[in-house]
Amino acid sequence: MDTESLSEQIEEIEALSAIYGQDFLVVDEAKRIYEIRVSHESDSWWSATLQVLLPPEYPSKVPPVFEIHSAWMCEADLFQVSDLFYTISRDHHGEILLYQWVEALRAFIDKSQQSRTEEGKKEEVGGTVSIKVSDSGNEEPEICDFDLESLTVSDQEDNALGALQSAKLEDKPEIIHGEPFTDRKSTFQAHLAHVVTQEQVKQVMEELRRNRKISNAAHNVMAYRIFCKDRNSFLQDCDDDGEAMAGGRLLHLLQILEARNIVVIVTRWYGGILLGPDRFKHYNNCARDVIKVAGFMDHNLTDRKESKSKSRSKIGKKHKQYRKAEKLDEKGLFYTKRYV
């Protein structure tokens, strides 16, 4: 394996691990075999596992070798997904592909679940097939209970989006602070802001460094990605701040997520114990979490706001008022809490 291909594979795997968390599994690191579980957000039955083997020539010359395992997929489904993967490979020859494959598989699962649900449930009764639908011709949606964790994440997203909306009106970047994470006495915390110019990136960095805790940290690794409509291209850059290669890996994560118009800074307070390669995983995981909470996982902030607004109106939250308060924990680190 050439050095460039190996480097790209390592960075891609680190980014995917940060993006998919527990759904990403290392099967055999030596043979470069990995699994990613993809499922429908509301029904675990509609799930599939993508297993990939990364050849030494990937991504420069050949795509990964893949297998798809699913209880509900028939041969026709597997053929459609495989054909979709090959199309993506052809259109993006020489580029990393796994994130695009996973999201294409997710879109296929969602579409299949929706279309087959609309057709109605089919049951065999006395040798015949009956279709159960409501009087209106559509199945009634089931009302599911949400667990506390999902409600907390949703509340954080509402709060973060509200803050970003206010920031846009004031034309001043609002900084969202992620939850601190500690491993072997080193603490990591991510910060995110919606930016559209390099000057705003500088404003965010200056604002963070006004905090003594952040300015005295061992590293403040930064990456930003801004979409320039007039040139139809991205303005992007990163800063390791003394943590070699961390900024490039953070920027690589933003690229895989197709994030736009954001700057992410991950602060590390060094605890005196070397973490080795784990430190890169922590940088990416913290960045991924704050990006998710801020609602940038869907790549387009405007679409996200509209989607969240429609969702709130459907569940009767249209007239609730939200406000944000920043507090300090016992270590002096920021965290964000929502009040209604």
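This is a predicted model: local features need pLDDT of at least 70, side-chain atom pairs count only at pLDDT 80 or more; totals for chains, interfaces and linings use all residues.

**Entry 1: helix H7**

I started with H7, which is mostly covered: 9 of its 11 residues are buried. Buried, for my notes, means under 20% relative accessible area, exposed means over 50%, and partly exposed is in between, with a 1.4 Å probe and protein chains only. Helices (H or I, at least four residues) and strands (E, at least two) are DSSP runs, numbered from the N terminus. I wrote down the buried ones in H7: Ala246, Gly247, Arg249, Leu250, Leu251, His252, Leu253, Leu254 and Ile256. After H7 comes Glu258, and its phi is positive, near 55°.

Residues are numbered from 1 along each chain as its sequence is written, and side-chain values use heavy atoms, with hydrogens and water left out.

**Entry 2: H7 against H8**

How do two packed helices get described? By the angle between their axes and the distance between the axes. For H7 (residues 246-256) and H8 (residues 278-293), the axes come within 10 Å and cross at roughly 35°. Axes here are lines fitted to C-alpha atoms, for helices over the stretch in contact, and angles run from 0 to 180 degrees between N-to-C directions. The crossing of H7 past H8 is right-handed, meaning the near helix is turned clockwise from the far one by less than a right angle, with anticlockwise being left-handed.

Which residues of H7 and H8 meet? On the H7 side I listed Ala246, Arg249, Leu250, Leu253 and Leu254, and on the H8 side Phe280, Tyr283, Asn284, Ala287, Arg288 and Ile291. Contact means heavy atoms within 4.5 Å. The residues of this contact divide into 8 nonpolar, 1 polar and 2 charged. In that count, Ala, Val, Leu, Ile, Met, Phe, Trp, Tyr, Cys and Pro are nonpolar, Asp, Glu, Lys and Arg are charged, and the others, Gly among them, are polar.

**Entry 3: the sheet S1 to S4**

Next I traced an open sheet of 4 strands, in the order S1-S2-S3-S4, with antiparallel pairing. Two strands pair if DSSP finds at least two bridges between them. S1 and S4 are the edge strands, each pairing on one side only. Ignoring direction, neighbouring strands in this sheet are turned by 20° against each other on average.

I zoomed in on S1 and S2, which run antiparallel and are joined by 4 bridges. Asp28 has Ile33 in S2 as its bridge partner. Helix H1 (residues 3-20) packs on the sheet, touching S1 and S2, and its direction makes about 135° with that of S1. Helix H2 (residues 75-91) lies across S3 and S4, running at about 150° to S4.

**Entry 4**

S1 and S2 form a hairpin with 4 residues between them, and Arg32 in the turn has a positive phi of about 60°. Is Arg32 buried or exposed? Arg32 counts as buried, at 10% relative accessibility.

I found Arg184 in the loop between strand S8 (181-183) and strand S9 (186-194). Its relative accessibility is 36%, so Arg184 counts as partly exposed.

Then I checked the peptide bond from Tyr58 to Pro59: it is cis, with omega near 5°. Pro59 is in the loop between strand S3 (47-53) and strand S4 (65-69).

**Entry 5: Tyr99 and the cysteines**

Tyr99 is in helix H3 (residues 98-119). Tyr99 is buried, with a relative accessible area of 9%. The C-alpha atoms of Tyr99 and Ile19 are separated by 9.2 Å, though these residues are 80 residues apart along the chain.

How many disulfides does the structure hold? I got 0, taking a disulfide as a pair of cysteine sulfur atoms within 2.5 Å. Cys228 is buried, at 12% relative accessible area, and Cys286 counts as buried at 7%.

**Entry 6: the whole chain**

Last, the totals: the protein has 9 helices and 14 strands. Of its 340 residues, 41% are buried. Among contacts with a separation of 6 or more, 59% come from residues 24 or more positions apart.
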